[in-house]
Amino acid sequence: PVEGLPVDGQIKGRITFVVSPNEFYFIIEEYRNESSYKWKKFHRIMSLTEMNKKLEKLRDDDVVELVDNVKVNEVYAIIVREFVHRVRVVEDFGRQPLRGYQETEKEKKGTLLLLFHIDFGYYTRAFSYDLMPLSAELRSVPPFVHRVYLWGLKPLDNELDWDAKSTQTFFEKVMGKNVQYLTAWVRLQLNGEFWVDTLAAFTRFAQIGIEANYSSPVKSLIAYKLAAKNPKKISQFNNNRNEIISKWSCERQKTIVQYAFLDDLLMEVYLCHFTSFDNFYVRIEKFDEILVSLDDELSQIENRRQIQHFVVGLICICLHESQVMNRVRIEKINEDNTVVVFFLDHGETSTVLKQNCFVIEDKFIKRLPFQTIKCKLVGVEGNVDPNVVYDYTRYPDERYRYLLLEKVSVENETSAVRLYLKRDEIKEKVIYDRMSKWLVDNKHAKYCNDDEKNADEFKELMIDMVDEHLEDDEDNEDYDPNSFDFDDPEVRFSAGAVGINPDELKKLLETVNKKNGIKKISKAQKLRKAL
């Protein structure tokens, strides 16, 4: 391999010349490999634009210098339809027989040459007197194109050569006027030449100014019955594509993930997983129905794609023992056929079979922030059996009981909280008992500071006060629907739960505005009415 040129990953650029569907010349503009899913500019000692400017200057000089002694394999310049190209002399055929009208001094000295246009990838013939010398700087710049061999297809009926129709069709697919750029996966690079597959052409429609979905020239030729699949592979081909794709997915997912968080107000939550007083997970109650809906939708996905390569930190979906699909993050890859995963919406860490892990679409990551929130219980210490806590915070049928959470502080991304268990509703009051007192009274813990020991034994809230705390409605004020924050998490959760996209929600909110006239109701109330 040539140092500095990609040996794996993807390349992006454009084709300058097609020899056949299996062979063409390609200018690499960007590339990406396992280091990042983001495209990086391909570094050159001189840009193509800068090179063209310097070549055009040769043409515009008042006195054009000619080449006296042409050497094979040397690089020169030649004018092609008013443009200046760099060419390498491949072969010198010597002087050619001249007709009488050709016998000028220039023609008498000229020899016929076979030239290779090093920045385009094609051959032409010309006479030596058509060449112009190049400076050492311009001769030393490596060619801008690379020879590329496309793998995965072959001529029909095991023919050795491609017919004209197949080559022309391929040319139209990869060099048509609407083709913006192409991408391909690098399988091998030797001496600056590339073997690639999975070629994709991206088109742009100038009339509407948008980029369309990519097309596959290989699939097109096979569909037109102009080519056949070629499943054979060269032993030197790299086999790290699945690993690279998983690393890219993991990196990209980090840019779109969101995590649930605790407000400074009182919130109703469920305790979903408990390990110790310093390490347990809660889930905000008001988003629970949306989570159930999301898990059900994940479980109904057909044609799931299994993970081909596991990377620590990768987010995927996992088939749980209860036959429900959950969103998980890969925590550890074991030597056997298992991985350790963290259930992002439930808090457990578990070892599962690799075959039960599947690719997750981005929309299922964006739909709802990961619901588990890591917490520690303030003011108490000791070791308690998790089942004791579960018995206290769940009903006998394993349904969660309502807990009122009061956030005290945040330490190292862990929320220090005080929990109250919902005891009863009496008329217009809701009563919550402090969980730490119950733990101490039942000898499951002991106080570690006086603040907790002297804290309120219970919370007594009016029902409308609970609504005020838990729903966090904004001030009652009329508003313009166009200013509604459709990126607001609560709006997205609520709309996603009933399958409403932002455009539809906007129309519904406008309808609510009209029906309520000048009546002042809050944004949250309008959202509920719209949904």
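Trainee: Which residue stands opposite Tyr122 of E7?
Mentor: His117 does. This is a predicted model, and in it strand E6, residues 112–117, pairs with E7 in the antiparallel sense over six bridges.

Trainee: What is the strand order in that open sheet?
Mentor: E7-E6-E5-E4-E8, five strands with antiparallel pairing.

Trainee: And which strands stand at the edges?
Mentor: E7 (122–127) and E8 (131–132). Each has a single partner strand, so one side of each is left without a neighbour in the sheet.

Trainee: Which strands does helix H1 lie across?
Mentor: H1, residues 48–60, lies across E4 (75–80) and E5 (83–94). The helix runs at about 70° to E5.

Trainee: Switching to E2. Is that strand mostly covered or mostly open?
Mentor: Mostly covered. E2 spans residues 23–32, and eight of its ten residues are buried.

Trainee: What does E2 pair with?
Mentor: With E1 (residues 10–20), antiparallel over nine bridges; the two form a hairpin with two residues between them. Val18 stands opposite Phe24 in that pairing. E2 also runs antiparallel to E9 (residues 145–150), joined by five bridges, where Glu23 has Tyr149 as its bridge partner. Two bridges join E2 to E3, residues 40–41, again antiparallel, and there Glu30 stands opposite Lys41.

Trainee: OK, packing. How many residues are in the largest nonpolar core?
Mentor: There are 46. Among those with the most contacts inside this core are Leu271, Phe274, Phe277 and Leu419. Strand E15, residues 267–276, gives the most to the core, with five residues.

Trainee: What is Leu271 in contact with, leaving aside neighbours within four places in sequence?
Mentor: Its contacts include Phe280, Val282, Val389, Tyr400, Leu403, Leu419 and Met435.

Trainee: Which residues does the second core include?
Mentor: That one is separate and has 26 residues, including Ile11, Val196, Leu226 and Ala227. For the whole chain, buried residues make up 44% of the 531.

Trainee: Now charges. How many salt bridges does the count come to?
Mentor: 27. One of them joins Lys54 and Glu137, with the closest N and O atoms 3.0 Å apart. Lys54 lies in helix H1 and Glu137 in helix H3 (residues 136–140), so the pair ties together parts that are 83 residues apart in sequence.

Trainee: Are those two buried or partly exposed?
Mentor: Lys54 is partly exposed at 29% relative accessibility, and Glu137 is partly exposed at 41%.

Trainee: What about Arg434 and Glu452, buried or exposed?
Mentor: Buried. Arg434 has 2% relative accessibility, and Glu452 also has 2%. Arg434 is in strand E26 and Glu452 in helix H11 (residues 450–453), 18 residues apart.

Trainee: Which residues share that network of salt bridges?
Mentor: Glu406, Arg418, Arg434 and Glu452, joined through shared partners.

Trainee: And where does Asp433 lie?
Mentor: In strand E26, residues 429–434. The side chain of Asp433 meets that of Arg423 in a salt bridge at 2.7 Å, N to O. Asp433 is partly exposed, with a relative accessible area of 23%, and Arg423 is partly exposed at 47%.

Notes
Residues are numbered from 1 along each chain as its sequence is written. This is a predicted model: local features need pLDDT of at least 70, side-chain atom pairs count only at pLDDT 80 or more; totals for chains, interfaces and linings use all residues. Side-chain values use heavy atoms; hydrogens and water are left out. Buried means under 20% relative accessible area, exposed over 50%, partly exposed in between (1.4 Å probe, protein chains only). Two strands pair if DSSP finds at least two bridges between them. Helices (H or I, at least four residues) and strands (E, at least two) are DSSP runs, numbered from the N terminus. Contact means heavy atoms within 4.5 Å. Axes are lines fitted to C-alpha atoms, for helices over the stretch in contact, and angles run from 0 to 180 degrees between N-to-C directions. A nonpolar core is a set of buried Ala, Val, Leu, Ile, Met, Phe, Trp, Tyr and Cys residues joined through side-chain atoms within 4.5 Å. A salt bridge is a side-chain nitrogen of Lys or Arg within 4 Å of a carboxyl oxygen of Asp or Glu.
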